[in-house]
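Trainee: Please walk me through how to read a protein–DNA model. Start with the contacts.

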Number of protein chains: 4
Amino acid sequence: MESIQVGNFKFSLDLSKPLYEQVLQHIRQAIARGDVQLGTKLPSVRDLALQLKLNPNTVMRAYQELDRDHLIETRRGQGTFITSDYETVDQVKKALASEAVIAFVSSMEKLGINRLAAETLLKEVVWHEYCD
Amino acid sequence: MESIQVGNFKFSLDLSKPLYEQVLQHIRQAIARGDVQLGTKLPSVRDLALQLKLNPNTVMRAYQELDRDHLIETRRGQGTFITSDYETVDQVKKALASEAVIAFVSSMEKLGINRLAAETLLKEVVWHEYCD
Amino acid sequence: MESIQVGNFKFSLDLSKPLYEQVLQHIRQAIARGDVQLGTKLPSVRDLALQLKLNPNTVMRAYQELDRDHLIETRRGQGTFITSDYETVDQVKKALASEAVIAFVSSMEKLGINRLAAETLLKEVVWHEYCD
Amino acid sequence: MESIQVGNFKFSLDLSKPLYEQVLQHIRQAIARGDVQLGTKLPSVRDLALQLKLNPNTVMRAYQELDRDHLIETRRGQGTFITSDYETVDQVKKALASEAVIAFVSSMEKLGINRLAAETLLKEVVWHEYCD
DNA sequence: GTGGTCTAGACCACA
DNA sequence: GTGGTCTAGACCACT
């Protein structure tokens, strides 16, 4: 799993998920995390595809989906830009966070792990992470 | 999303993921949760397929993947049985739990949400759940 | 994999191969190895099935195949007996041995392992076995 | 038993074992033997199926099992490739070789053939092979 | 009766 | 174009 830096974005792609989805997620997370300034220009589809060694269609699809969520906007002849609307970014961030939380709680329930045990597990992981 | 009860198993299938995987997960979770007794016979491939309105091959694939993880074992001409080895079950349960925890923590990190904020989110969800 | 002693025969059954074949092999090997005296009476089908917790049909099939090779013979109303013909036993033994040798050499060839390397591997295994 | 050449692979299929397993083994052995270069593209599922006169599903199953062992990797929409990781190949090769050796030694023991006699048999076979 | 293999053919997602 | 999933239905081996 190689990691490639393009502008302010860091991409690491593997085969476990669709490539367009991974590209999409990396960009979305960078925006949500605040790693990139709102209103900034994104690399062109062709450029990013070249650097990530991907088919332009793959990058295009990632951009399209981000556009659909209004996280980025394409201006004819000028390129693709990150939205300037903080509200949108915040909403997306909250939605993603909420999704992750729900997925986690749901997993614990499906495995029959109660809240206390789940919290213990969480602490263990956080603890291990600090060891790295 | 209809829910179907077969023996001690409850299945609810949708189209978001491969059917065989959903069947697999339901059975695996039931075993991990301790809902079914170890060593018990599973419904036959044909039987489960009939009740879930699936093709036998789809059910079979779920069974085969569980077999590879040693959570179930197939005895020629007799049927398919849940493993009697508690160790295996426990390991699988721990692996699944750990996977979920790591996915959650990773999501939070990718979104730039720190531990405190993450915990707050978790509590909110639990609170909402009680409302349902 | 539990091991069960019945008369002079030791059976250890698993799920990797057909049960009737495993029963057949255990008996055949015991005869080839000289562990049981020629002309001796075998346990009855019902008896062996009971002790091995198998379906009588399974044991029956094993006996039938051994009968086909004239390694055992069933005498109406008296039971099943190991052949008294040493020639037959010797031929079967040689055939099985030859089969094993050919399988081994074939495997090595298919993996592109030459004779020298194969011999080295063989010695390693034998050496490890002595450690046990 | 006809033999079919496809790219750098030679397939000869019979009815003694599942077809998907034979396909799997031929590819695995070719990789272990070093007959094909690591990182190379395999024939597409449909293509190989066509040439071997098999159903695509049969070929796919062979590919999937090889994928699980990390001997090959499938890249969405692009095709199936032999792993580039020499380590994995080497491990698999060693495992297969070891398996064959153990099977052989075990057979000899079960037949009550001692080491010296086994070595004699081995030499005979090699001798016969040169006659062919 | 059980599971396992195989075929034929449809439909989908991805690049 | 690629692989992945699913169905329908046949046939086989084992118990």
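Mentor: A polar contact is a pair of N or O atoms within 3.5 Å; within protein, one must be able to donate a hydrogen and the other to accept it, and residues adjacent in sequence count only if both atoms are side-chain atoms. Here, an N or O atom in the side chain of R61(D) sits 2.9 Å from a phosphate oxygen of DNA strand E. The model is predicted: local features need pLDDT of at least 70, side-chain atom pairs count only at pLDDT 80 or more, and totals for chains, interfaces and linings use all residues. Side-chain values use heavy atoms, without hydrogens and water; residues are numbered from 1 along each chain as its sequence is written, with chains lettered from A and ligands numbered from 1 in the order in which they are written.

Trainee: Which side chains have a polar atom by a base nitrogen of DNA strand E?

Mentor: R46(B) places one 2.7 Å from a base nitrogen. For N57(D), the distance to a base nitrogen is 2.8 Å.

Trainee: How many residues surround DNA strand E?

Mentor: A residue is near a strand if one of its heavy atoms lies within 4 Å of it. DNA strand E is surrounded by 27 residues, and R46(B), L19(D), N55(D), T58(D) and R76(D) are the closest.

Trainee: Is T88(B) buried or exposed?

Mentor: Buried means under 20% relative accessible area, exposed over 50%, partly exposed in between (1.4 Å probe, protein chains only). T88(B) has 14%, so it is buried. Contact means heavy atoms within 4.5 Å. Beyond its neighbours within four places in sequence, T88(B) contacts D69(B) and H70(B).
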